[in-house]
Amino acid sequence: MEIGITSFVETKPDIQTGEVISHAQRLREVVEEIVLADQVGLDVFGIGEHHREDYAASSPAVVLAAAASQTKRIRLTSAVTVLSSADPVRVFQDFAALDGLSNGRAEIMAGRGSFVESFPLFGYDLNDYDALFDEHLELLLKIRASEKVTWKGGHRPAINNLGVYPRPVQNPLPIWVGSGGNQESAIRAGLLGLPLMLAIIGGSPLHFAPLVQLYKKAAAHAGHDESRLQVGSHSIGFVAEDTELAADTFFPSTQAGMNKLGKERGWAYYDRASFDAARSFEGALYVGDPDTVAQKIIHLRKHVGITRFMLYVPLSTMPHHQVMRAIELLGTEVAPRVRAEIAKWEAETENGVYI
């Protein structure tokens, strides 16, 4: 069971002062967060790609590379790379370079992305949203499989027996498929035998169990070994010494972030009652003291089949010291409890079959 952090490197206004942190400062802070995550024993850190004023990381590979030389063990991944509007050749080159700098710790998480600013920015048509992802993923996998590439598609110039360099340390370079819960995405990932990362950010996480089973059935149908498949959860949350302290600390910025997006997307107003319901044991928010958060993660593993848990923190802008403390507690308190109980459970579970 892997435990890690996801950050979108947000720069929304501080809810108390209205101050907007600079992109440069927030980028330096997130590198410090990655370094701390490595020091406290977390397994993976993911950076999301965005092209908006209120997010600082348009190039996850560059941010992760800044942390590569300061870390020793932690895996470094995008979360996600917006592959529909990115050139697969450049994506592979960037993460192969990151893999070399980190000595084999890079990963790509490929997704469509929930924001669409990158499409006009890079000259893509939103009408090709799905077709672009399918084509770019096909090319990315082809580059991963072979140093010399011959390929032709409908949206990008053809490649005729050209080499793509540098080559990564890992062979193959890990490529995950990120999904918000779409059945077609899960089936595609399964047929390709690729790890699946689910954005479980609302409702009941247990509702994703049938999707995981669909993913595994598709993989088995394609001849892939189900026991080797990885399924991850990207879930919003926060850890503090006390559950009520965690809730009171995390709610204001979460409310501000949810309502900002809500205005753009037509969501209902997000209030404290919505927040408290979501942080219940069956809810999608992982907010509380170390034991509370650990037990929710264990529940997710046992009943959904998650093998990698990524805590997305912060949602909107929070003071850097609060984020650092949450990362410290996740690594030193939550992760050991989860790993110990899951190891015991797996040893007691016949043939390693998950509930």
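I began with the contacts of Asp-54: beyond the neighbours within four places in sequence, Asp-54 touches Glu-10, Thr-11, Lys-12 and Lys-260. I keep in mind that this is a predicted model.

Next I looked up where Asp-54 sits. I found Asp-54 in the loop that runs between strand E2 (44-47) and helix H2 (60-68).

I then checked the side chain of Asp-54 for polar contacts. I noted one with the side chain of Arg-52, at 3.1 Å. I noted another with the side chain of Lys-260, also listed at 3.1 Å.

I turned to helix pairs, starting with H3 (residues 88-101) and H5 (residues 129-145). Their axes come within 9 Å and cross at roughly 45°. I therefore put H3 and H5 down as oblique to each other. I recorded their crossing as right-handed. On the H3 side I listed Pro-88, Val-89, Val-91 and Phe-92; on the H5 side, His-136, Leu-139, Leu-140, Ile-143 and Arg-144. I sorted the residues of this contact into 7 nonpolar, 1 polar and 1 charged.

My last entry is on H6 (residues 183-192) and H7 (residues 209-221). Here the axes come within 7 Å, and the crossing angle is roughly 35°. I recorded the crossing of H6 with H7 as right-handed. From H6, I listed Gln-183, Ala-186, Ile-187, Ala-189, Gly-190 and Leu-191, which meet Leu-211, Leu-214, Tyr-215, Ala-218, Ala-219 and His-221 of H7. I counted 9 nonpolar and 3 polar residues in the contact of H6 with H7, and no charged ones.

Methods
Residues numbered from 1 in each chain as written. Predicted model: local features only at pLDDT ≥ 70, side-chain atom pairs only at ≥ 80, totals over all residues. Heavy atoms only, no water. Axes fitted to C-alpha atoms, helices over the stretch in contact; angles between N-to-C directions. Helix = DSSP H or I, 4+ residues; strand = E, 2+ residues; numbered from the N terminus. Left-handed = near helix turned anticlockwise from the far one by under 90°. Contact = heavy atoms within 4.5 Å. Nonpolar A, V, L, I, M, F, W, Y, C, P; charged D, E, K, R; others polar. Polar contact = N/O pair within 3.5 Å; in protein donor to acceptor, adjacent residues only side chain to side chain. Parallel < 35°, antiparallel > 145°, perpendicular 65-115°, else oblique.
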